[in-house]
Amino acid sequence: MTLYFDLPRTTALPADPSPWRNYEPSPRLVHAAVGSGLLAVLVLAAGIWSLILRDPAAALACGVAVLVLGHLFGLLLNLWVHPQNTGDRMRIAGIDDGSPGLTFAYSGRLYYWYAGFLTLLTLAQIALALDTPVLAAGAVLTGGALLVVLRHAPGRLAITPDGVYHHGVWAQQFIPWEAVADIVAGEHAHIPIIAVPAVPSPETRTRRSLFRAPEQMTIQVPWLATDPALILQAMRWYHANPSHRFELSYHIAVDRTRQRAWHLH
């Protein structure tokens with residue numbers, strides 16, 4: 001059994017309080033958020049006018065459109081205004097093979113907006129498919145995406161004594177520490193990410209849903225319900241200090257991460 005006072009000195013890592021300080025949202029994201037919001041307001045006004053004219057069918061159609069556009073606006077606004085969540089929510093929980101690890105949950109708010117938009121859009125397309133058959137294909141696509149999202153919810157990121165586990169929206173991956181080459185803060189398609197490039201290993205596990213398995217583990221920061229800078233620092237610290245990884249099975253890892261006690265044994 002490894003005793004706490006027997007551990008070697010820790011490897012200090014400089015903390016970066018804002019690794020995505022230069023992040024700028026995609027102009028397309030900003031334009032889409034503003035456009036969907038304005039369009040929702042216009043459709044709402046049209047719905048109110050339909051009620052004044054005593055046209056309940058048009059008012060109902062406008063109401064459904066407002067719900068769809070409103071949820072799209074909420075989703076895009078979250079990605080624009082809240083690309084990085086705050087807080088220190090974390091716990092010790094089991095991964096796919098039952099091994100306990102320091103676990104960071106996905107954002108329930110983003111799940112609501114994403115799943116809500118897909119649900120409303122699918123239902124609207126189904127309702128209109130009889131008059132416009134081409135919408136049936138769209139309903140199949142959005143409904144399939146919704147099923148995948150709900151089937152794999154809730155997502156989470158966990159670091160265990162053996163490696164890094166990521167249960168994302170579209171794929172599940174486990175990479176052993178020995179295969180982890182680096183842990184990098186970056187961006188992909190104007191989305192802030194935590195990337196975990198790795199070398200091939202027989203202990204690596206990957207389960208994908210619809211798309212080809214990614215070459216590296218990529219965690220999109222907006223999905224994380226915890227401060228991503230804190231998660232990044234914890235991942236880097238335990239990567240650099242293998243003798244302390246046993247802590248990841250116990251609440252001591254939660255305390256160390258919350259207190260940012262990276263300099264202590």
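Buried means under 20% relative accessible area, exposed means over 50%, and partly exposed lies in between (1.4 Å probe, protein chains only). This briefing applies that scale to a predicted model, where local features need pLDDT of at least 70, side-chain atom pairs count only at pLDDT 80 or more, and totals for chains, interfaces and linings use all residues. Residues are numbered from 1 along each chain as its sequence is written, and side-chain values use heavy atoms, with hydrogens and water left out. Helices (H or I, at least four residues) and strands (E, at least two) are DSSP runs, numbered from the N terminus.

**Salt bridges**

- A salt bridge is a side-chain nitrogen of Lys or Arg within 4 Å of a carboxyl oxygen of Asp or Glu.
- Side chains of opposite charge can pair when their charged atoms come close.
- The whole structure holds four salt bridges.
- Arginine 260 pairs with aspartate 227, with the closest N and O atoms 3.9 Å apart.
- That pair links distant parts of the chain: arginine 260 is in the segment after helix H6 (251–259), aspartate 227 is in the loop between E9 and helix H5 (228–240), and they are 33 residues apart.
- Arginine 260 is partly exposed, because its relative accessible area is 43%.
- Arginine 205 bridges to aspartate 96, with the closest N and O atoms 2.8 Å apart.
- Arginine 205 lies in strand E8 (residues 205–208) and aspartate 96 in the loop between strand E1 (91–94) and strand E2 (100–105), so this pair ties together parts that are 109 residues apart in sequence.
- Arginine 205 also meets aspartate 97 in a salt bridge (3.8 Å, N to O).
- Aspartate 97 is in the loop between E1 and E2 and arginine 205 in strand E8, so these tied parts are 108 residues apart in sequence.
- Arginine 205 is partly exposed at 30% relative accessibility; aspartate 96 is partly exposed at 37%, and aspartate 97 is partly exposed at 46%.

**Charge over a ring**

- A charge sits over a ring if NZ of Lys or CZ of Arg is within 6 Å of the ring centre and within 35 degrees of the ring normal.
- The charged end of arginine 205 sits over the ring of phenylalanine 174, 4.3 Å from its centre.

**Aromatic pairs**

- Rings of Phe, Tyr and Trp (its six-membered ring) pair if their centres lie within 6.5 Å; planes under 30 degrees apart count as stacked, over 60 as edge-to-face and the rest as tilted.
- The count is seven aromatic pairs.
- Tyrosine 106 and tyrosine 111 make a tilted pair, 6.2 Å centre to centre with 40° between the planes.
- Tyrosine 106 is buried at 7% relative accessibility, and tyrosine 111 is buried at 10%.
- Tyrosine 112 and tryptophan 113 make an edge-to-face pair, 5.1 Å centre to centre with 70° between the planes.
- Tyrosine 112 is partly exposed at 47% relative accessibility, and tryptophan 113 is partly exposed at 22%.
- One aromatic cluster is formed by Tyr106, Tyr111, Tyr114 and Trp223.

- Two strands pair if DSSP finds at least two bridges between them.
- Strand E6 (residues 184–188) runs antiparallel to E7, joined by five bridges.
- Alanine 185 has isoleucine 194 in E7 as its bridge partner.
- E7 also pairs with strand E9 (residues 217–220), antiparallel, over four bridges.
- Isoleucine 193 stands opposite glutamine 220 in E9, and alanine 195 stands opposite threonine 218 in E9.
- Five of the six residues of strand E7 (residues 191–196) are buried, so E7 is largely enclosed by the rest of the structure.
- In a regular strand the side chains alternate between the two faces of the sheet.
- E9 has Met217 and Ile219 on a covered face, and Thr218 and Gln220 on an uncovered one.

**Backbone points**

- The hairpin of E6 and E7 has two residues between the strands.
- Alanine 189, in that loop, has a positive phi of about 55° although it is not a glycine.
- Histidine 190 is found in the loop between E6 and E7 and has a positive phi of about 65°, again without being a glycine.
- Alanine 189 is exposed at 58% relative accessibility, whereas histidine 190 is partly exposed at 40%.
- A cis peptide bond joins alanine 153 and proline 154, with omega about -5°.
- Proline 154 lies in the loop between helix H4 (134–152) and strand E3 (156–159).
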